[in-house]
Amino acid sequence: MRDGLRALLDLVLPVACGGCGAPGPAWCRHCAVLLGPPVRVHPPCCPARPPVYVLGGYQGRLRAALLAYKEQGRRDLAVPLGGALAAALVRLPPESGGPCRVPGLPAPAPAGLCLVPVPSRWAAAARRGGQHVALLADRAAAVLAGAGIPAAVAPALRMAHGARDSVGLDRRARQANLEGRVVLRPAGLPPVGASVVLVDDVVTTGTTAAVCAARLLQVGVEVAAIVALAGVERHPPS
């Protein structure tokens, strides 16, 4: 019955893979392999700590999928992308805030794992239909919680008015663009004792992630790791 209903829905609302465009699921198995385990990278504008991890290279089919999700209304991709994020979080090294449910590794932090999404500009979020990274974090936290790993989303940051789109800006311009515009949301701060991971969709220079982590540190919230779905430093086959 369920398979028949799915087939009927596919006829009325045909689905194509967000990466390669092949008809079928929103994220086909051939594209799913583009999101692997977390690999540490070193973006030019990020300090050594907290460590930065990406799951794939921002090119080819993965880039197409992320743009479809973020800019073209493919919110159905939040499910597979958020699931891949959850799988990567489980595999983070213990010193980077991973839930550490692998036998022999330490137990999770007493207050669980808190995912802090990197915020988008207000105008961009309004155009896209919401904060797209927050949706990914929500999905990842739900998957982790369903697996018995205490996890929640902490919407601790917002982007103040005045920030421009960072596409095309060099390092100095990106930093100036964010100066004073990453604002705390006190009601959304992680609880004391939580293991905090900052999540994003793409890391390029690392400027935004670094500013977000520094802003949290100003109020005593230490980010254990920064995790993004894709980064410009990692280039797997596409």
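Contact means heavy atoms within 4.5 Å. Helices (H or I, at least four residues) are DSSP runs, numbered from the N terminus. This is a predicted model, in which local features need pLDDT of at least 70, side-chain atom pairs count only at pLDDT 80 or more, and totals for chains, interfaces and linings use all residues. Residues are numbered from 1 along each chain as its sequence is written, and side-chain values use heavy atoms, with hydrogens and water left out.

**Helix 4 and helix 6**
- In helix 4, Ala78, Val79, Leu81, Gly82, Gly83, Leu85, Ala86, Leu89 and Val90 are in contact with Leu135, Leu136, Arg139, Ala140, Val143 and Leu144 of helix 6.
- The axes of helix 4 (residues 78–90) and helix 6 (residues 132–146) come within 8 Å and cross at roughly 60°; axes are lines fitted to C-alpha atoms, for helices over the stretch in contact, and angles run from 0 to 180 degrees between N-to-C directions.
- Helix 4 and helix 6 are therefore oblique to each other, given that angles under 35 degrees count as roughly parallel, over 145 as roughly antiparallel, 65 to 115 as roughly perpendicular and the rest as oblique.

**Alanine 209**
- Alanine 209 belongs to helix 8 (residues 207–217).
- Alanine 209 counts as buried because its relative accessibility is 2%, buried being under 20% relative accessible area (1.4 Å probe, protein chains only).
- Not counting residues up to four places away in sequence, alanine 209 touches Leu198 and Ile226.
- Between alanine 209 and proline 50, the separation is 159 residues in sequence and 9.9 Å in space, C-alpha to C-alpha.

**Aromatic rings**
- Arginine 75 lies over the face of tyrosine 69, 4.9 Å from the ring centre; for Arg, this requires CZ within 6 Å of the ring centre and within 35 degrees of the ring normal.

Conventions. Helix = DSSP H or I, 4+ residues; strand = E, 2+ residues; numbered from the N terminus. Buried < 20%, exposed > 50% of the residue type's maximum accessible area, 1.4 Å probe, protein only.
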